[in-house]
Amino acid sequence: MYPRIPHPSGRPSRHQSYNPWGPGYRPYQIPPGNVYQSFDQVSRGNSPHFASHPAGMKRSHNQAWHPQPPVSDLPGLYTSVPVNARKRQHESPVPNGSKRQRVDSPSPQQRGGRPIAVPYFHNQAVPGTSNAASPGSSQNTHSQVPATSGSASTLQDYAKDKLSKQMVELFEECQQQACDLTRKETCRSRLQRDIQSVFPVARLYLTGSSMSGLGCRSSDADLCLVLRGSTQGSPDPIHILTVLQAFFRPLGYLEKIQLIRAKVPILRFREKGSGLEFDLNVNNTVGIRNTFLLRSYAYADLRVKPIILAVKKWARHHQINDASKGTLSSYTLVLMVLHYLQTLGEPVLPSLQKDYPECFNPSMEIDMIPEGPRHIPPYKSQNKSSLGDLLQGFLKYYSSTFRWDTQVISVREGKALPKNKSAEWRNKYICVEEPFERNNVARAVHEQMKFNTIKSKFAASSQILAQSKDLNALLPVRATISKEASRK
């Protein structure tokens with residue numbers, strides 16, 4: 001059903017340079033057509049094309065200046081760089097048709113420092129060729145996302161009070177680290193090589209909070225297996241996952257492999273040793289689109305990631321963050337936070353899809369999805385609210401302002417929409433619009449009792465926090481941090 005191509009795990013020929021990181025990595029490389037470069041290298045000023053530009057800025061010959069997030073705000077090592085901004089050190093142009101340097105030829109030692117591997121979007125015709133492009137690393141930030149809001153330059157500018165400082169501590173201790181991402185990416189790369197022995201043109205994408213920058217140390221990894229080239233229509237996900245389930249069982253590095261027949265079927269498994277859990281779906285490409293949309297929001301303002309992490313931990317502690325048990329999924333909670341930040345009198349966030357529809361076009365080719373947000377200019381909010389004030393406002397908004405019975409949460413429009421009589425919204429307790437598919441991502445809340453529990457948790461927590469101004473009144477901060485530390 002699928003055309004065969006050279007297996008990416010095969011031994012490199014004498015014409016290929018050896019890559020100890022595996023075919024899914026290119027240490028310190030910016031291949032033709034790819035926009036990713038080591039943020040660590042850029043931040044140290046070692047990148048040749050940064051030599052004549054102010055620190056933290058970048059541009060190409062035909063592009064406007066865009067600020068970069070500072071190192072302290074990024075959980076990982078990578079940032080996006082315009083391809084045409086990369087120059088040879090002698091600054092002379094290379095004529096068309098001239099032989100260029102191999103994509104993977106320079107070694108980490110030639111570049112200096114430790115090897116920093118950049119995960120790719122796998123749209124190459126043959127893995128390992130110069131056509132390779134990557135599905136994006138969870139640490140590939142886009143040029144539109146400044147880490148500043150107004151005059152503030154660090155999280156501490158929004159954390160002058162006790163509650164805000166607690167939120168910063170929780171965030172800094174619990175956010176996903178570079179080593180966490182590396183572990184996930186290493187397993188993803190290994191899985192892709194093995195899967196391609198069964199489905200040669202398959203591409204495996206890391207999605208979800210691991211990629212969006214909204215993950216924590218204990219976050220599981222979401223994978224999207226994209227199959228192309230079928231001449232018999234779309235493949236049946238259950239069939240593909242059943243084949244993979246049988247194929248995975250003999251693999252020595254996987255365990256507890258389980259097929260879950262949900263609306264979006266997944267294959268759930270763990271990596272032996274680390275205990276890292278993966279959820280793999282087939283061709284659910286909307287997950288790739290919303291991952292990069294959420295990533296764009298995550299880096300649009302310094303306060304976004306800390307408040308989302310605090311809300312997730314709060315919801316998990318109060319047992320309202322489990323869609324399989326009829327409560328709110330983490331994705332739903334993220335959209336609820338973004339919606340609140342969009343609807344303030346002085347918004348913290350804009351609606352990126354409304355303001356820049358061409359950058360988040362639902363019909364955009366998968367391989368181009370990371371490129372879209374690159375063209376969005378920086379956003380600076382005039383809202384100077386502290387982290388603590390925003391958390392209190394979030395709880396109050398959903399306990400007393402938002403109308404669950406008549407309104408739909410829409411991050412796409414940046415406002416609450418009125419419920420219509422369509423089947424998607426009719427008789428639903430909570431309505432949260434998926435930004436691309438426009439269906440209800442809160443459909444798991446289908447019982448009156450669970451809905452009442454969710455509302456009561458918002459109302460009670462809002463009152464408690466307004467009186468105490470102490471995050472410990474909502475969840476045990478030190479215990480939560482200790483649990484995350486156990487993943488180190």
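Student: In the hairpin of β10 and β11, which residue takes a positive phi?

Tutor: Gly-414, with phi near 75°. The hairpin has 4 residues between its strands. Bear in mind that this is a predicted model.

Student: How many bridges join β10 to β11, and do they run parallel or antiparallel?

Tutor: There are 4 bridges, and the two strands run antiparallel. Val-408, for instance, has Leu-417 in β11 as its bridge partner.

Student: Is Lys-256 buried or exposed? And what about Arg-438?

Tutor: Lys-256 counts as exposed because its relative accessibility is 58%, and the cut-off for exposed is over 50%. Arg-438 has a relative accessible area of 49%, so it is partly exposed.

Student: Back to β7. What sheet is it in?

Tutor: An open sheet of 5 strands with mixed pairing, in the order β5-β6-β9-β8-β7. The edge strands are β5 (203-207) and β7 (254-260), each pairing on one side only. From one strand to the next the twist averages 25°.

Student: How many bridges join β7 to β8?

Tutor: 5 bridges, with the strands antiparallel; β8 covers residues 266-271. Leu-254 has its bridge partner in β8, namely Glu-271.

Student: Which helix packs on the sheet and touches β5?

Tutor: Helix α4, residues 178-195, does that. Besides β5, α4 touches β6 (221-226), β7, β8 and β9 (277-282). The direction of α4 makes about 160° with that of β5. Helix α6, residues 237-248, also packs on the sheet, and touches β6, β7, β8 and β9. For α6 the angle is about 160° with the direction of β7.

Student: New topic. How many aromatic pairs are there?

Tutor: The count comes to 17. Trp-314 and Phe-458 form an edge-to-face pair, 5.0 Å centre to centre and with 70° between the planes. That pair links distant parts of the chain: Trp-314 is in helix α8 and Phe-458 in helix α12, 144 residues apart.

Student: What kind of pair do Phe-402 and Trp-404 form?

Tutor: An edge-to-face pair, at 5.1 Å centre to centre with 80° between the planes. Phe-402 counts as buried because its relative accessibility is 4%. Trp-404 has 9%, so it counts as buried too.

Student: Which residues do ring pairs link into a cluster?

Tutor: Trp-314, Tyr-340, Phe-394, Tyr-397, Tyr-398, Phe-402, Trp-404, Tyr-429, Phe-451 and Phe-458.

Student: How far does α11 reach?

Tutor: Helix α11 spans residues 387-401, 15 residues, and reaches 20 Å from its first C-alpha to its last, close to the 21 Å expected.

Student: And how many residues of α7 are buried?

Tutor: 13 of its 13 residues, so in this model α7 is mostly covered. Helix α7 runs over residues 286-298 and reaches 18 Å, close to the 18 Å expected.

Student: Where is Pro-435?

Tutor: In the loop between β11 (415-418) and α12. Its relative accessibility is 2%, so Pro-435 counts as buried. Leaving out residues up to four places away in sequence, Pro-435 touches Leu-293, Tyr-331, Leu-335, Gln-353 and Arg-412.

Student: What separates the C-alpha atoms of Pro-435 and Val-286?

Tutor: 9.5 Å, although the two residues are 149 residues apart along the chain.

Student: Last one: how many helices and strands does the protein chain have?

Tutor: 13 helices and 11 strands. Of the 488 residues, 54% count as buried. Among contacts with a separation of 6 or more, 69% are between residues 24 or more positions apart. The chain exposes about 21300 Å², and carbon and sulfur atoms supply 50% of that.

Methods. Residues numbered from 1 in each chain as written. Predicted model: local features only at pLDDT ≥ 70, side-chain atom pairs only at ≥ 80, totals over all residues. Heavy atoms only, no water. Expected span 1.5 Å × (residues − 1). Buried < 20%, exposed > 50% of the residue type's maximum accessible area, 1.4 Å probe, protein only. Pairing = 2+ DSSP bridges. Axes fitted to C-alpha atoms, helices over the stretch in contact; angles between N-to-C directions. Contact = heavy atoms within 4.5 Å. Areas by Shrake-Rupley, 256 points an atom, 1.4 Å probe, with all protein chains shown as cover. Phe/Tyr/Trp six-rings, centres within 6.5 Å; stacked < 30°, edge-to-face > 60°.
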